[in-house]
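Here is a friendly walk through one protein model, written for someone who likes cut-offs stated plainly. Please keep the viewer open as you read.

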Amino acid sequence: MSELRALTGLRGIAAWLVVLYHLRGAIAGLPPAVERVLAKGYLAVDFFFLLSGFVIWLSWGERLRIGDAAVVVRFWQKRVARVWPLHLVMLAVAIALALLFAVTGRSDAALRWQDLPAHLVLVQSWGLADPMRWNYPAWSISCELAAYLAFPLLVAAVDWRRCRSTTLVGLAGLTLLLLHLVMRGVTSLGQDIPHFGIVRCLCEFATGTLVAALYLRRPPALPYLVAAAMLFAAWESGAPETLVVPAAFAALLLAAALTAGRAGNPLEIRVIHYLGEISYATYLSHYILWKLFQLAFVHQSGPIGPLAVAGYLTLVLAASALLYRFVERPAQRVLNRAGPRRMLAPAE
């Protein structure tokens with residue numbers, strides 16, 4: 001599958017929304033309207049889950065359909081190579097921070113040693129540990145790992161090509177309705193991640209595969225763009241977030257994919273595209289970097305001024321670029337060369 005640059009750009013924007021979501025409470029003088037927008041930044045993770053299912057279906061669906069065990073192993077190998085090395089590096093930084101706290105008589109409730117083994121192997125969101133400890137954003141990567149393990153089973157069980165487009169839309173709606181029903185009693189997709197994080201990921205990942213199947217039929221983009229706008233409007237008017245926001249993101253994802261490559265698409269300009277390329281490093285590093293930034297430069301509690309905000313955001317951007325170039329990509333190349341190489345596989 002050739003890259004859809006607009007989706008890479010959207011991934012970069014989503015990653016920075018997560019950064020600003022976590023930072024918003026520390027920014028002095030943040031206008032209430034801006035704070036309300038940034039307070040919904042956790043929803044970018046739902047877009048990530050949908051996008052992951054979309055891209056992986058396009059990249060691997062046909063390859064895995066032949067039922068070759070070696071291809072399944074190769075798929076899992078490449079997914080681990082994609083997500084685990086950078087996770088391990090950032091977890092090592094967190095461990096170093098915990099040791100520093102230990103020798104200086106300080107503590108951090110997020111750095112709890114009994115949860116570390118599950119975090120090391122990325123199963124903290126599987127009910128085996130508290131996923132909100134250590135490098136907190138990695139909870140979603142743990143959920144993604146579960147989706148990667150289940151994906152070959154999904155491919156073996158269903159063939160979306162045999163379904164009509166209306167059936168695909170209906171199945172996507174039913175999958176997201178299931179998510180809404182499972183999360184009954186909560187009003188926000190970001191609530192109670194230890195209990196709902198993994199089902200949130202699996203339902204949205206599966207929906208992303210349905211969106212990919214629709215994309216392959218090249219329907220007109222406008223109806224889906226209108227549908228996304230109407231769903232967001234319904235959410236603003238009080239419709240349940242757990243029901244309408246994932247559906248709105250699914251429609252938006254499909255519309256963005258269908259319009260990718262068109263001249264003048266702002267999501268495809270070089271800067272935005274680069275932010276998407278380094279977005280995994282941005283997402284996985286920003287939380288630990290904020291802890292380090294506070295230790296080094298913020299010597300009092302309370303909101304921070306614009307210079308400190310700019311300094312932290314610059315640090316995240318620079319670290320993301322360096323981690324992408326010197327950790328993420330080299331580690332992928334090394335791990336992807338290991339073992340049998342019978343299949344020429346895509347990067348994603």
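Predicted model: local features only at pLDDT ≥ 70, side-chain atom pairs only at ≥ 80, totals over all residues.

Residues are numbered from 1 along each chain as its sequence is written, and side-chain values use heavy atoms, with hydrogens and water left out.

## Salt bridges

How many salt bridges does the structure hold? There are 12 salt bridges, each defined as a side-chain nitrogen of Lys or Arg within 4 Å of a carboxyl oxygen of Asp or Glu. The table lists some of them.

| Glu35 | Arg24 | 3.2 Å |

Let's take Glu35 and Arg24 to begin with. Glu35 and Arg24 form a salt bridge; Glu35 lies in helix H2 (residues 32-38) and Arg24 in the loop between H1 and H2, so the pair ties together parts that are 11 residues apart in sequence. Helices here are DSSP runs (H or I, at least four residues), numbered from the N terminus. Glu35 is partly exposed at 30%, and Arg24 is partly exposed at 23%.

Asp108 is partly exposed at 21% relative accessibility, whereas Lys291 counts as buried at 13%.

Asp159 is buried, with a relative accessible area of 15%, while Arg162 is exposed at 74%. Both belong to a network of salt bridges that links Glu62, Arg65, Asp159, Arg161 and Arg162.

## Cysteines

The structure holds zero disulfides, a disulfide being a pair of cysteine sulfur atoms within 2.5 Å. Cys203 is in no disulfide either, and its nearest cysteine sulfur, that of Cys201, is 9.3 Å away. Cys143 is buried at 0% relative accessible area, and Cys203 is buried at 7%.

## Helix H12 and its two sides

Helix H12 spans residues 270-277, and its buried residues are Ile272, His273, Leu275 and Gly276. Viewed down the axis of H12, these buried residues fall within an arc of 155°, so they line one face of the helix; the arc is that of the directions from the helix axis to the C-beta atoms. Arg270 and Val271, on the other side of H12, are exposed. The buried residues of H12 pack against helix H1 (5-23), helix H13 (279-297) and helix H14 (306-337), with contact meaning heavy atoms within 4.5 Å.

Ile288 is in helix H13 and is buried, with a relative accessible area of 0%. Setting aside neighbours within four places in sequence, Ile288 is in contact with Met90, Val93, Ala94, Trp134 and Asn135.

Met132 is found in the loop between H6 and helix H7 (138-157), and is partly exposed at 22% relative accessible area. Leaving out neighbours within four places in sequence, Met132 contacts Ile193 and Pro194.

## A nonpolar patch

Which residues make the nonpolar surface patch? Val73, Trp76, Trp126, Leu128 and Leu149 form this patch of about 460 Å². Helix H4 (69-103) and helix H6 (124-128) are the elements that give two or more residues to the patch. Patch residues have over 30% relative accessible area and no salt bridge, with nonpolar side chains (Val, Leu, Ile, Met, Phe, Trp, Tyr) joined within 5 Å. Val73 lies in helix H4 and is partly exposed at 49% relative accessibility.

Methods:
Patch = residues over 30% accessible without salt bridge, like charges linked within 9 Å, V, L, I, M, F, W, Y side chains within 5 Å. Areas by Shrake-Rupley, 256 points an atom, 1.4 Å probe, with all protein chains shown as cover. Buried < 20%, exposed > 50% of the residue type's maximum accessible area, 1.4 Å probe, protein only.
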